[in-house]
Every structure is written in structure tokens, then in C-alpha cells.
Amino acid sequence: MQNIVLFKILGFSELYTEGESPVHRLYRIKSLARRCKRCQLHTTRTQTVFGFGNIASRVMVIGEAPGANEDLYGKPFIGKAGERFTSILREYGIERDRDFYITNVVKCRPPKNRDPRPEEIEACKPYLIVQIEIIRPLLFLALGRYSATWLLGSRQNVQMKEIRGKILISRFDVPMIATYHPSAIDHARSHAQRDFYEKAFREDLRLFAEKIKELQKNLL
Ligand code: SF4
């Protein structure tokens with residue numbers, strides 16, 4: 001998918017060592033990310049939140065950025081929104097640490113949980129590309145519009161209501177599903193909006209769970 005030429009162009013050739021095993025490479029770049037200063041988010045983070053899960057699952061979930069709990073404990077999607085995500089998937093028979101690998105488009109928490117900026121997403125992109133190259137996903141789930149925009153390779157921020165609930169094709173020619181970030185439910189401005197987000201989120205996760213199970217059958 002990617003190669004040393006691309007990483008040299010990105011000014012990030014140290015992410016790529018020829019002949020290295022995927023597992024070793026993932027650990028090595030994780031330790032590079034730990035001391036990364038490629039964007040301003042390094043000044044306010046407690047620690048980088050690189051990613052977690054089963055790298056052999058061939059399924060990848062990509063969120064937007066770590067929040068307060070993630071920044072504190074170093075693991076993605078462990079706050080209130082992450083717990084909601086995990087428990088809904090469990091209802092559909094999917095376990096996060098077994099059935100997919102999860103990460104974010106930026107690995108450090110933006111101050112006060114603001115949205116990640118384009119230059120931060122761009123600076124952090126090489127880590128995500130290496131993760132994708134190692135995991136070789138056959139299915140993506142994008143949580144939130146920044147992740148969906150990036151995975152679709154769109155120049156404009158996508159409108160989630162227009163793309164959710166169906167199978168899309170990502171910039172990597174791999175199927176993807178996009179849905180609202182789970183924190184959207186907590187930040188809803190009314191009961192009606194909260195109900196709308198929750199219903200949509202559940203429908204999209206059910207579709208994601210079905211696709212994971214199909215994929216697992218095909219990989220047997
Ligand atoms: S967000 Fe990414 S690019 Fe920015 S400092 Fe953290 S690891 Fe480096």
C-alpha cells in the first residue's frame with residue numbers, strides 16, 4: 001500500500017525499515033509516536049494514545065482524537081462515549097479487543113477536546129498510514145466526520161447524515177461504514193436530537209457488526 005518513497009516524501013522515513021515484521025514495526029512506531037513533536041498537540045498531551053486491539057482482525061475503527069480519559073490512561077475510547085460504543089457492540093456479539101483494532105486520526109488530545117485541526121491531522125497522518133499498512137483492513141468504521149472525511153479522501157468535511165447507514169468505499173478501496181462519534185449523543189442539544197443520534201448510532205453499529213461477522217466467516 002505504501003512504501004519507503006512515500007515516507008521519505010512525508011519526511012518520515014524512520015517509520016519504515018525494510019524486512020521488519022509488522023508486529024515489531026507497530027511497536028517501534030508506537031514508541032516513536034510517544035516522543036513525537038510533529039505538531040503542537042505534543043505541548044498539551046499527557047501521553048500519546050496510539051491504538052489498541054487485534055492487529056490480525058483485518059478490521060479497523062478510526063475515531064477523531066483522544067479525550068481526557070484516553071490522554072490520562074493511554075488507551076483509545078475508554079471514557080463515557082467509548083463505554084457506550086463498547087457495550088452496544090457487545091450486544092451485537094462484537095468484542096473490541098478481539099474483533100478489531102481501534103485508533104484515532106490524531107494521537108494526542110486536543111486541548112479542551114476541541115476538534116483536530118487540518119494541520120494536526122496532516123502531521124499525524126504517517127502514523128495512521130503505517131497502522132493501516134500493517135493491519136491491512138478489509139473493513140473500516142469511521143467514528144465522526146473528521147475520520148470519515150479522511151477515510152473518504154474528501155477535500156470538504158462530509159455531512160454524516162448523508163453518508164451514514166450504508167457501505168461506502170474508502171480511499172484505500174476498502175469498504176467502510178461511517179457513523180456519528182459516540183460523544184455526539186452526550187452533546188445533543190435536545191431529547192429529540194439525542195434519540196436521533198442514538199438510533200442512528202445503534203443502526204450503524206449493527207451494520208458494522210454484521211459485516212465483521214461476514215468477514216470473519218470468509219476469512220476462516
Ligand atoms: S498528534 Fe500526532 S503528529 Fe501531533 S504530536 Fe501527537 S503523535 Fe505527533
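The points below are grouped by topic and refer to a predicted model.

**Ligand surroundings**
- The ligand is surrounded by 14 residues, and the closest of them are Cys-36, Arg-38, Cys-39, Cys-108 and Cys-124.
- Of the residues in this shell, 8 are nonpolar, 2 are polar and 4 are charged.
- Helix H6 (residues 118-135) supplies 3 residues, the largest share of the shell.

**Strand S6 and its partners**
- Strand S6 (residues 175-179) is largely enclosed by the rest of the structure, because 4 of its 5 residues are buried.
- S4 and S6 run parallel and are joined by 4 bridges; Leu-143 has Thr-179 in S6 as its bridge partner.
- Strand S5 (residues 168-169) runs antiparallel to S6, with 2 bridges between them, and Ile-169 stands opposite Pro-175.

**Residues with positive phi**
- Most residues other than glycine have a negative phi.
- Lys-112 has a positive phi near 55° and is not a glycine. Lys-112 sits in the loop between strand S3 (101-104) and H6. Lys-112 counts as exposed because it has 7 C-beta neighbours inside 10 Å, and the cut-off for exposed is 12 or fewer.
- Arg-136, also not a glycine, has a positive phi of about 50°. Arg-136 lies in the loop between H6 and strand S4 (139-143). With 14 other C-beta atoms within 10 Å, Arg-136 is partly exposed.
- Asp-173 takes a positive phi near 60° in the hairpin of S5 and S6, where 5 residues lie between the strands.

Notes
Residues numbered from 1 in each chain as written. Predicted model: local features only at pLDDT ≥ 70, side-chain atom pairs only at ≥ 80, totals over all residues. Near = placed C-beta within 6 Å. Nonpolar A, V, L, I, M, F, W, Y, C, P; charged D, E, K, R; others polar. Buried ≥ 20, exposed ≤ 12 C-beta atoms within 10 Å, placed from the backbone. Pairing = 2+ DSSP bridges.
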